[in-house]
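Keep the structure in view as you read.

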Amino acid sequence: MAEPIRVLVADDNRIDRTLLSRIVAREGHTVITAVDGNEAIERFTAERPQIVLLDALMPGLDGFEVARRIREAAGDAFIPIVFLTSLTEADELARCLLVGDDFLSKPYNSVILRAKITALERMRQLHATMQEQRDEIAQNNARLLREQQAAKDIFDSVAHSGCLNASNIRHLISPLAVFNGDVVLAARNPAGSMYVLLGDFTGHGLTASIGAMPLAEIFYGMTQKGFHLADVLRECNRKLKEILPVGYFCCATMIDFNFQKSTVEVWAGGLPDAYLTPADGGPSTPIVSRHLPLGVVSTQRFDPSTEVFELKHGDRVMLCTDGLLELRNSAGEMFGSGRLIDILGRSGAGGFEAVKEAAYAHMGERLREDDLTLVEVTMLHEHEIDAPMPTYVASGQIGPRDWSLTFQLGPNSLKEFNPLPLLQHVLMEVPALRVRGGVIFTVLSELYTNALDHGVIGLSSVVKSTANGFTDYYRRRLDALNALADGYVRFEFVSRASDAGGYLKIRVLDSGPGFDTSIVAAARAQTANVYHGRGLNLLFQLCDSLTFHGAGNDVEACFRWGDGDVPN
Amino acid sequence: MTIRSEVSPDGRGVTIAVEGRFDFSAHRDFRETYESLDSTPESFTVDMREATYLDSSALGMLLLLRDHAGGDAAEVRIVNCNPDVRKILTISNFEQLFEIR
């Protein structure tokens, strides 16, 4: 027997009503009766029967109108309505099925009625189950959307962060996609350079956002500690290879903007060409992807080699993901790199805005299919850069007060290892030096570059003044380093501090032959062109004192603070 | 999108032919062509003659195949690429991992 339910029987004919009620009750169901349309609606509202048997023709409100009102009152719930009728016209019966769910012709047959109640109850339950599931899905979906929104907020604060609001950076990140897999990171390093990374993770979902977290952390952590581009990339690649499943990776371009030298150093793996656009018009130079994306190969196979380009003041670098090139217009035609090059080539057209406008115009009203991410960075003079320098957080407030450190690098270390982040880390333990962290890092890197490039390797900085000077210089430098068999660079640090003040002496010695130190005086007198390259001018300005000993392969820089009345 | 595969007569090589758009919808079929093999053959050839388009998830699938075939020791060739397909492979520098002809 079927599960007992409540059945409303509405019929103005007493005999029919009694007969029907008896058949329904015999099945174990609860019977609710009504003698006319108004009572039927009242009793439906009060007692919520699950099935309604309704006389089609009643005085007052007729059955069809009652059915309409019952449907209204039932709202979302499905209440099967069976019309009771003595009508035999096909049209009339069809109308019963239009408004109701079934009909039962007089005289009533108890077997048929039982079968209909069972069938309709089955339908009602099916409907109820469907509705429950629908509500559950809607709830889950709402929860998922809330969580995705929260996840997107976290992703945005991690993935599109750093000094992206610096006045020499313009960027566009498509606002439509919840997770578009694109990551834009920018930060300055202690020497004042700006590192910018554009990444595009495969897959647009959570994979991308999960990968973005360690990528951003490594980028910011290592950039502010002064690691070289290659070191940062190697670590990013290692981490992504470790955490991403096979088949997932991150196409990326990373650039070091050196505002002092007006150069960019680029590593590009898997993104479409970036472009260097000269400020004075003229054709753009493509920066071509030379590497596998991040997260594909192991550290042993990873190639962090970079290319160096020289820029002039106002020159711009435009980076984009494949989203821009694959944008389709209403005719299905892709935006393509040809359009991009055309727009960049237009003189005085403010590259970024023009590209953005053209991209929007190309899409028209169409939904954005992919990620549309654009970044443009302009080469300026260092003093024009408004992005903040990294601040140092050291372990203690007290710090070492009387210490020295000697650190010597042999040929195999000089080839690959960058000692500057490590040494900077040690120096930043001295509280008084932290406020001058950027200056100290710049001095350290100038001294180290001089000792290694001009001392140990013996490169002449005159190379840099030719047309393709920097590119040529870095190539020669790389060749020489690879061939390096002996030589050293030694750092000697001595520091004393008291409550009143203190000093730090940095002495850097190299195995090179030294140089004609008579030019030092000229450099100091700010006749900068006399000797190109050793950054002597800069060093004299940044250090409290700078002394060359012996043949010039032994140089000492000194920083003092407080009243300087400290024991030697 | 259709994926067909064929084992060479000597059983040592497998050719996987991709037809149409090679994207995420091909994922299951592509994996099945090599995961269903009883033994791992010495070499794989992915024939792109009929492939019109390739996206980043297809690049991921190629990496999965390479991993399955032995990673750095794998012998995987990608052949008959049209210019569009070739360009995607070149931007990602996949010639460092695959023999592309």
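Strand 10 (residues 250–258) and strand 11 (residues 263–269) of chain A pair in the antiparallel sense, over 7 bridges. In this pair A:M254 stands opposite A:W267 in strand 11 of chain A. The model is a predicted one. The points below go through the sheets, the helices and the meeting of the chains.

**Helix pairs in chain A**

- Two packed helices are described by the angle between their axes and the distance between the axes.
- Helix 5 (residues 110–159) and helix 6 of chain A pack at an angle of about 30°, and their axes are 9 Å apart.
- Angles under 35 degrees count as roughly parallel, so helix 5 and helix 6 of chain A are roughly parallel to each other.
- The crossing of helix 5 of chain A and helix 6 of chain A is left-handed.
- On the helix 5 side of chain A, A:A151, A:F155, A:V158 and A:A159 meet A:S209, A:A212, A:M213 and A:A216 in helix 6 of chain A.
- The residues of this contact between helix 5 and helix 6 of chain A divide into 7 nonpolar, 1 polar and no charged.
- Helix 9 (residues 336–345) and helix 10 (residues 351–363) of chain A pack at about 140°, with axes 9 Å apart.
- Helix 9 and helix 10 of chain A are therefore oblique to each other.
- The crossing of helix 9 of chain A and helix 10 of chain A is right-handed.
- A:R339, A:L340, A:I343 and A:L344 in helix 9 of chain A meet A:G351, A:A354, A:V355 and A:A358 in helix 10 of chain A.
- The contact of helix 9 with helix 10 of chain A has 6 nonpolar residues, 1 polar and 1 charged.

**A parallel pair in chain A**

- Strand 4 (residues 81–85) and strand 5 (residues 102–105) of chain A run parallel, joined by 4 bridges.
- From strand 4 of chain A the chain crosses through helix 4 (residues 90–99) to strand 5, and this β-α-β crossover is right-handed.
- A:T85 stands opposite A:S105 in strand 5 of chain A.

**Chain B**

- Chain B has an open sheet of 5 strands in the order 1-2-3-4-5, with mixed pairing.
- Strand 1 (2–7) and strand 5 (99–100) of chain B each have a single partner strand, so one side of each is left without a neighbour in the sheet.
- Strand 1 and strand 2 (residues 13–22) of chain B pair in the antiparallel sense over 6 bridges.
- Helix 1 (residues 27–35) of chain B lies across strand 1 and strand 2 of chain B.

**Where the chains meet**

- 14 residues of chain A are in contact with 12 residues of chain B.
- The chain A side of this contact divides into 7 nonpolar, 6 polar and 1 charged.

How values were computed
Residues numbered from 1 in each chain as written. Chains lettered and ligands numbered in written order. Predicted model: local features only at pLDDT ≥ 70, side-chain atom pairs only at ≥ 80, totals over all residues. Contact = placed C-beta atoms within 7 Å. Nonpolar A, V, L, I, M, F, W, Y, C, P; charged D, E, K, R; others polar. Pairing = 2+ DSSP bridges. Helix = DSSP H or I, 4+ residues; strand = E, 2+ residues; numbered from the N terminus. Right-handed = clockwise from strand over helix to strand, strands pointing away. Axes fitted to C-alpha atoms, helices over the stretch in contact; angles between N-to-C directions. Parallel < 35°, antiparallel > 145°, perpendicular 65-115°, else oblique. Left-handed = near helix turned anticlockwise from the far one by under 90°.
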